Amino acid sequence: RFVLFRQRILPLNQTMDEQHYETLVRIKSANGELVYPNDFIPAAEKYGLIKQIDRAVIDATLTMMSEQDILNSYSINLSGASLGDRDIIEFVHQVLERTGVEPKRVCFEITETSAISHLNSALIFMGQMIERGCIFALDDFGSGFSSFSYLQQLPISIIKIDGAFVRDIDTNEVNRIFVENIQRTATAMGKKTVAEFIETGDIEKILTEIGIDYGQGYHIHKPEKCYE
């Protein structure tokens, strides 16, 4: 019953031939209605099923990439439970081998909370995947109390700025300054930035002026079904 959607992550300050998307998962209910992650992920985490969902999404995304989109790259979200699962390394290796997808086209998104909660396992997994050619993004950046301190410990290439600081950046000067500071820090560390929840053209313009590398949100691209 899993249905994959995708949402484009758009370069704000450059043009690229290749497109990048984030994979989003839905579940089709018995009557055919789509159930969104907020309605099933908490239950999956509570009852120990989130690792199975992560694996299903990894498998479906790479299968889709091999069958119908051999050019573009995709981001896949990983839970803390999967980061703490040593078997996930072998699983990803097997799916990459079976599908033939180039690892450089795969980005894993992890949250600061999940990485910190499973730091040793996360570092091992990230090291193995980076050696294979995959990259990592730190999702919801800014929501944790120690975000900046962990940037130097985690081998991530992309910082995804929490949408809470983006959605009102056109009217909230404090959030604008915060986003500017994230961008300066990312530039100094050689990392790229993605701003989430871009819902208006004015917000996209401000982020472009700040120098944010990529944007994501309903103004740029509404999620579309890509695999079922």
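A: Let's start with helix H2 (residues 50-68): at 1.5 Å a residue, its 19 residues should span 27 Å, and its end C-alpha atoms are 26 Å apart, which agrees. The expected span is 1.5 Å times one less than the number of residues; helices (H or I, at least four residues) and strands (E, at least two) are DSSP runs numbered from the N terminus. Please keep in mind that this is a predicted model, in which local features need pLDDT of at least 70 and side-chain atom pairs count only at pLDDT 80 or more, while totals for chains, interfaces and linings use all residues. Residues are numbered from 1 along each chain as its sequence is written, and side-chain values use heavy atoms, with hydrogens and water left out.

Which residues of H2 are buried? They are Ile50, Ile53, Asp54, Val57, Ile58, Ala60, Thr61, Leu62, Thr63, Met64 and Met65, where buried means under 20% relative accessible area, exposed over 50% and partly exposed in between (1.4 Å probe, protein chains only). An α-helix has 3.6 residues a turn, so residues three or four places apart point the same way.

Leaving out residues up to four places away in sequence, phenylalanine 91 touches Arg55, Ile58 and Asp59; contact means heavy atoms within 4.5 Å. Phenylalanine 91 is itself buried, with a relative accessible area of 16%.

Apart from residues within four places in sequence, leucine 207 is in contact with Leu12, Val166, Ile169, Val179, Ala195, Ile198 and Ile212.

Now for a strand elsewhere in the protein. Seven of the nine residues of strand S2 (residues 20-28) are buried, so S2 is largely enclosed by the rest of the structure. Strand S1 (residues 2-11) runs antiparallel to S2, joined by eight bridges, with valine 3 opposite arginine 26 of S2. Strand S4 (residues 73-77) pairs with S2 in the parallel sense over three bridges, and serine 75 of S4 is the bridge partner of glutamate 22. Two strands count as paired if DSSP finds at least two bridges between them. Strand S3 (residues 34-35) is antiparallel to S2, with two bridges, and lysine 28 stands opposite leucine 34 of S3. In the hairpin of S2 and S3, five residues lie between the strands, and glycine 32 takes a positive phi near 90 degrees.

Stepping back, the protein has nine helices and 10 strands. Of its 228 residues, 50% count as buried, and its C-alpha atoms fill a box of roughly 45 × 40 × 35 Å along the principal axes.
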